[in-house]
Amino acid sequence: MPPTANAAALIRHTVLLRPAIITTAFSTTFPTTTSRAVSRSCTVIPKVTSRTMASSCSSSSKGGLEKLPSSPIRLLRTTSSVRLWRRPHLLDHRTVALVPTMGALHSGHLSLIRRAARENHHVVVSIYVNPAQFGISEDLDSYPQTWDSDVAQLVKLDRELADDGDNLGRISAVFAPSTKEMYPGGFPGQEVDSKGSFVTITPVGELLEGRTRPTFFRGVATVCMKLFNVVQPERVYFGQKDVQQTVVIKRLVRDFMMPIEVVIGRTERDEKDGLALSSRNVYLGERRRQKATVLYRALKAAEGEYKRGGRKRGRILRAAEGVVEEVKREEEGKGVEERVRFEVDYISLADPDTMEEIEEVDPARGGILSGAIKMLPVEKAREGEDLGHSGGPAVRLIDNIILEPQGGKEE
C-alpha cells in the first residue's frame, strides 16, 4: 500500500476509535437522576449576519481560509470546515476546548477562554445566537449584536495568551454558524409545541428558569448537543452564573455518555458592587443599573444566615425577602422620573444535585441559592437620560450563590 493510502487508512481508523458522539439530536425525556452540581456559565451562544462578519474578516493567502483580521485565529462557518480543522488535532493527540457563547462578550467569557487556554492545546469559541432558547415573546430580535467588538476582544486576548508562557494553548478558531447550518432540517420554531429534533432534560429543565421559560433548556440542550457533535471537544467551559444550565449540561453529557469534561468557571462580577456580568446588562441604562444589584444583595443576605448557622428554609429565605421588600419600599416613595420598578420571579433554595426546592440544608452537602428578577422599563425618562440598549426594554437578570458544605445543624 502506498504511503498516502496508509495515511488515509490511519485517519479513518483513528477517527473510528474515538468514542462516538450522537450526531442527530432527537426528542426524548429523561427520568430523575442525580448529578452533583459543581460550584460555578448557554450561557450559551449569537446571531451573526454575513454582512457584519464581512466587516471584520480577512482571508488567508493560503487556500482562501478565513481568519480574524491581523490574527492566526481561523473563522469557521460550517460543520464540514470545523471537522476538517479538527481531524489533524485528533491524530496529533492535541486537546481541544470549546467555549460556547452568544457573542456580546464580556470579562466573564474572557475568563473562561483564559482558563481553557491554560488547560488545552486549542480553544474554539463559538458565537451563535440560538433562537430555539428564546421564547416567542422574548428578546431575540433586540439581543445585542456586537461582532466587531467580539472579534477585537478575541484578537487582543489571543495576543496576550501568546505572550504568557503559562498557557498550554491559544484561541485557534471561532465557529460562527448560521441558523441554516445549525438546523439543516429547518428551524423548528420557538413555540412550546414546536415539532422537530430536540433534546429535553427533565425534570431539572422544568424547574425555576424552565418554569418561567418552558423552551429555554430544551433550546440550550439541543444547541449544545449540536455544538459538541460538531467540535468534538475534550472539555467545554461554562460559567456558574447560569447555575441551572450547568446542571443541565452535566446531565446531558453524562446521560448521553459523551467523552467530554464539563468545566465550570466562577461568576465574574463588577468589582464595585458585585453585579454579575451578563450580556443583557447593556439593556439596563444608568438608573436601573444602580438598583440591579438588589438580587445579589438579597442572596448575600441569605448566605449570611446560612453562615451564621441557619439551616431551615424559612430563616434563610426571610433574609433575602427582607432586602427585596426594603428596596421596593424605597423605590415606591420616589417620583416616576426617579424610581426603578422590578418584579421578583423567584428566590430559590435548592438541592445541589437536582435543583429541587429543599426545606433544610444538609450541611454535609450544601445547597444552591438562586433567583431571577425582571427590571421593568423606566416609566418616565428624564431629558437626555440613557435608558440602555434598544431603548431599555424589560430585562431579566439571574444570579446564584453556592452554599458550601459546613458542619453542624441548626439548633
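Modeller: In this predicted model, helices are DSSP runs of H or I with at least four residues, strands are DSSP runs of E with at least two, and both are numbered from the N terminus. With that convention, Thr267 belongs to the loop between strand 8 (261-265) and helix 10 (285-291).

Biologist: Why is Thr267 called buried?

Modeller: The relative accessibility of Thr267 is 10%. Buried means under 20% relative accessible area, so Thr267 counts as buried.

Biologist: What makes the pair formed by the side chain of Thr267 and the backbone nitrogen of Lys241 a polar contact?

Modeller: A polar atom of the Thr267 side chain lies 3.1 Å from the backbone nitrogen of Lys241. The limit for a polar contact is 3.5 Å between N or O atoms, and the distance of 3.1 Å is within it.

Biologist: How do you know whether Val263 is buried or exposed?

Modeller: Val263, in strand 8, has a relative accessible area of 5%. The cut-off for buried is under 20%, and Val263 is therefore buried. Leaving aside neighbours within four places in sequence, Val263 is in contact with Arg115, Glu119, Arg235, Val236, Tyr237 and Phe238. One of these, Arg235, is 28 residues away along the chain, with 6.9 Å between the two C-alpha atoms.

Biologist: Why is Glu234 called partly exposed?

Modeller: Glu234 has a relative accessible area of 21%. Buried would require under 20% and exposed over 50%, so Glu234 falls in between and is partly exposed. Glu234 is found in the loop between helix 8 (216-231) and strand 7 (235-239). The side chain of Glu234 makes a polar contact with the side chain of Arg86 at 3.1 Å. The C-alpha atoms of Glu234 and Thr95 are 6.1 Å apart, although 139 residues separate them along the chain.

Biologist: What makes Asp158 a buried residue?

Modeller: The relative accessible area of Asp158, a residue of helix 5, is 1%. Since buried means under 20%, Asp158 is buried.

Biologist: Which residues does Asp158 touch, not counting those up to four places away in sequence?

Modeller: Asp158 touches Pro72, Ile73, Arg170 and Ile171. With the side chain of Arg170, the side chain of Asp158 makes a polar contact of 2.6 Å.

Biologist: How is the packing of helix 4 and helix 5 described?

Modeller: Two packed helices are described by the angle between their axes and the distance between those axes. For helix 4 (residues 107-119) and helix 5 (residues 147-163), the angle is about 35 degrees and the axes are 11 Å apart. The crossing of these two helices is right-handed. Helix 4 contributes Leu110, Ile113, Arg114 and Ala117 to the contact, and helix 5 contributes Gln153, Leu154, Leu157, Glu160 and Leu161. These residues divide into six nonpolar, one polar and two charged.

Biologist: How do you know that strand 5 is mostly covered?

Modeller: Six of the six residues of strand 5 (residues 122-127) are buried. In a regular strand the side chains alternate between the two faces of the sheet. In strand 5, His122, Val124 and Ser126 point one way, while Val123, Val125 and Ile127 point the other way, and all are buried. Strand 5 pairs with strand 4 (residues 96-101) in the parallel sense over six bridges; within this pairing, Val96 stands opposite His122.

Biologist: Why is strand 10 said to be largely enclosed by the rest of the structure?

Modeller: Eight of the nine residues of strand 10 (residues 367-375) are buried, so the strand is largely enclosed.

Biologist: What makes strand 10 a paired strand?

Modeller: At least two bridges are required for two strands to pair. Strand 10 is joined to strand 9 (residues 342-350) by eight bridges and to strand 11 (residues 395-403) by nine, antiparallel in this case and also with strand 9. The bridge partner of Val344 is Ile373 in strand 10, whereas Leu369 stands opposite Ile401 in strand 11.

Biologist: Why are strand 9 and strand 11 placed at the edges of their sheet?

Modeller: Three strands form an open sheet in the order 9-10-11. Strand 9 and strand 11 each have a single partner strand, so one side of each is left without a neighbour in the sheet. Neighbouring strands of this sheet are turned by 10 degrees against each other on average, direction ignored. Helix 11 (residues 294-307) packs on the sheet and touches strand 9, strand 10 and strand 11; the direction of helix 11 makes about 20 degrees with that of strand 11.

Methods
Residues numbered from 1 in each chain as written. Predicted model: local features only at pLDDT ≥ 70, side-chain atom pairs only at ≥ 80, totals over all residues. Heavy atoms only, no water. Buried < 20%, exposed > 50% of the residue type's maximum accessible area, 1.4 Å probe, protein only. Polar contact = N/O pair within 3.5 Å; in protein donor to acceptor, adjacent residues only side chain to side chain. Axes fitted to C-alpha atoms, helices over the stretch in contact; angles between N-to-C directions. Left-handed = near helix turned anticlockwise from the far one by under 90°. Contact = heavy atoms within 4.5 Å. Nonpolar A, V, L, I, M, F, W, Y, C, P; charged D, E, K, R; others polar.
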